[in-house]
Amino acid sequence: MRKIVPKAVIVSAKRLPIGKINGIYVNKTPEELFSQLIQQQIATVPHLSKKEIDQVILGNVTNLGGNLARRCALAAQLPVSTPAYTIDCQCASGLMAVISGVQSIVLRSQ
């Protein structure tokens, strides 16, 4: 019997600009920058409720420790029950976050 694998769909994609180190964002914390980005993502999909977000996966290269994705999800006022994790993979963090999300969607359905 053949299983039908659901399509993984990206409904919105954004990234932060480079500029933290000695740049215009030097006085902003990662939580401030990423929580605003998460809120912008949610705003681009009007029919999406924060409660419908299954997971936050954050690709970040310069994390100073801890689970940055979790702190940012909470700062963006997502429900405490929303899991979140950070991928720190020099030069490929964003791509790895997308791949991890797709794998999570596909494997959860099997």
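Analyst: Helices (H or I, at least four residues) and strands (E, at least two) are DSSP runs, numbered from the N terminus. The model is a predicted one, in which local features need pLDDT of at least 70 and side-chain atom pairs count only at pLDDT 80 or more, while totals for chains, interfaces and linings use all residues. Residues are numbered from 1 along each chain as its sequence is written, and side-chain values use heavy atoms, with hydrogens and water left out.

User: What does the secondary structure of the chain come to, and in which order do the elements run?

Analyst: Counting the runs defined above, the chain has three helices and two strands.

User: What share of the 110 residues in the chain is buried?

Analyst: A residue is called buried under 20% relative accessible area, exposed over 50%, and partly exposed in between (1.4 Å probe, protein chains only). The accessible areas themselves come from the Shrake-Rupley method with a 1.4 Å probe, and for residues only the protein chains shown count as cover. For the chain, the accessible surface comes to about 7,800 Å², of which 60% belongs to carbon and sulfur atoms. Among the 110 residues, the buried share is 26%.

User: Which residues of the largest nonpolar core touch the most other members?

Analyst: A nonpolar core is a set of buried Ala, Val, Leu, Ile, Met, Phe, Trp, Tyr and Cys residues joined through side-chain atoms within 4.5 Å. The largest such core holds 14 residues, and those that touch the most other members are F34, I38, V56 and L78. At least two residues of this core come from each of α1 (30-43), β1 (56-59) and α2 (68-75).

User: Which residues is L78 in contact with, leaving aside its neighbours within four places in sequence?

Analyst: Contact means that heavy atoms lie within 4.5 Å. L78 belongs to the core residues that touch the most other members. With those sequence neighbours set aside, L78 is in contact with I38, I42, K50, I53, V56 and A73.

User: How far apart are the C-alpha atoms of S49 and L78?

Analyst: S49 sits in the loop between α1 and β1, and it is partly exposed because its relative accessible area is 32%. Along the chain, S49 and L78 are 29 residues apart, whereas the separation of their C-alpha atoms is 9.6 Å.

User: Which residues of α3 are buried?

Analyst: Helix α3 covers residues 93-108. Its expected span is 1.5 Å times one less than its number of residues, and with 16 residues α3 reaches 22 Å from its first C-alpha to its last, close to the expected 22 Å. The cover over its buried residues includes β1 and β2 (84-87). Those buried residues of α3 are S93, A97, S100, G101, S104 and V106.

User: Is S100 buried or exposed, and which residues does it touch?

Analyst: S100 is part of helix α3, and it counts as buried because its relative accessible area is 15%. Not counting residues up to four places away in sequence, S100 touches I57, Y85 and I87.

User: Which residues make the nonpolar surface patch of about 240 Å²?

Analyst: Patches are made of residues with over 30% relative accessible area and no salt bridge, where like charges are joined within 9 Å and nonpolar side chains (Val, Leu, Ile, Met, Phe, Trp, Tyr) within 5 Å. V98, which lies in helix α3, counts as partly exposed because its relative accessibility is 40%. The patch of about 240 Å² is made by I10, V98 and V102.

User: Which residue forms a salt bridge with R71?

Analyst: A salt bridge is a side-chain nitrogen of Lys or Arg within 4 Å of a carboxyl oxygen of Asp or Glu, and by this rule the count is one. The pair links distant parts of the chain, since R71 in helix α2 and its partner in helix α1 are 40 residues apart. R71 is partly exposed because its relative accessibility is 33%. With the closest N and O atoms 2.5 Å apart, the partner of R71 is E31.

User: Near what value is phi of Q77?

Analyst: Q77 is found in the loop between α2 and β2, and it is exposed because its relative accessible area is 58%. Its phi is positive in a residue other than glycine, with a value near 65 degrees.
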